[in-house]
Amino acid sequence: MTPRILIVDDDPHIREVLRVALSKAGMAVREAADGRAALARVTEDRPDLIVLDVGMPEFDGLEVCRRIRRTSQVPILFLSARDEEIDRILGLEIGGDDYVTKPFSPRELVARVNVILRRVANGGGDRSAEPEKLVHGRLRLDPQQHLARFDDMPLTLTALEFSILRTLMTRPAVVFSREQIMAAAYQLNIQVSDRTIDSHIRNIRAKLAAAHCEDAIETVHGVGFRLGRCGTP
């Protein structure tokens, strides 16, 4: 099926550039010029991915993301004219899947969109490289159904969070470096900072802690991360 992409930006030139680039890549594009219109479009069009500008009238992109995350885990790629690290970290911690700073390369943005869409279509990773379900202690992942649970409590993970947790669960005794997590989660040669990975790890920990799993991911200082006990005796 043709991916449905919602572009949300108050700059008509930016929307045109994105519309042309994404349409040439075979995607069906819808647009919204402000946050309020974006929320209505999400309800009406049910997009497969949202390219969301941070600085907009009505509601800014961060507030739009917060509201969307109350009911949906649709992938969100943030777009912003600001290059401050705090903006990138905040955007990812409230549920964004990726972040691109203006001015941007349309080719890179399309590549990032394709990475996210492929990750969702594959249930967070390569199905042929892992068993149908992953179990560690009381934590369970079903990559093909894109479902995660701790005990009987479902976990609401973004596509990228799911991919990172899946990577850790495939080899629970192994310490993964940030570079290894980046390579497994992003799948293409796209550069992201260590702080970006740390933000996603914090997000996963917080969601598992809310499900009463306080030891989901361990930090091995100077090396990286590994899966915690997750209720294992």
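Reply: Two strands are said to pair if DSSP finds at least two bridges between them. The model to which this is applied here is a predicted one.

Me: How many bridges join β7 to strand β8?

Reply: Strand β8 covers residues 147-150 and runs antiparallel to β7. Within this pairing, L141 stands opposite A148 in β8. The two strands form a hairpin with four residues between them, and H146 in the turn has a positive phi of about 55 degrees. The number of bridges that join β7 to β8 is four.

Me: Which residue stands opposite R140 in β7?

Reply: Strand β6 (residues 134-136) is antiparallel to strand β7 (residues 139-142), and three bridges join them. Their hairpin has two residues between the strands, and G137 takes a positive phi near 60 degrees there. The residue opposite R140 is V135.

Me: Is α2 roughly parallel or roughly antiparallel to α3?

Reply: Helix α2 (residues 35-45) packs with helix α3 (residues 61-69) at an angle of about 25 degrees, their axes 10 Å apart. Angles under 35 degrees count as roughly parallel. Therefore α2 and α3 are roughly parallel.

Me: Which residues of α3 make the contact with α2?

Reply: The crossing of α2 past α3 is right-handed. On the α2 side, the contact is made by G35, A38, L39 and V42. The residues of this contact divide into five nonpolar, one polar and one charged. From α3, the contact is made by V64, R67 and I68.

Conventions. Residues are numbered from 1 along each chain as its sequence is written. This is a predicted model: local features need pLDDT of at least 70, side-chain atom pairs count only at pLDDT 80 or more; totals for chains, interfaces and linings use all residues. Side-chain values use heavy atoms; hydrogens and water are left out. Axes are lines fitted to C-alpha atoms, for helices over the stretch in contact, and angles run from 0 to 180 degrees between N-to-C directions. Angles under 35 degrees count as roughly parallel, over 145 as roughly antiparallel, 65 to 115 as roughly perpendicular and the rest as oblique. A crossing is left-handed if the near helix is turned anticlockwise from the far one by less than a right angle, and right-handed if clockwise. Contact means heavy atoms within 4.5 Å. Ala, Val, Leu, Ile, Met, Phe, Trp, Tyr, Cys and Pro count as nonpolar, Asp, Glu, Lys and Arg as charged, and the others, Gly among them, as polar.
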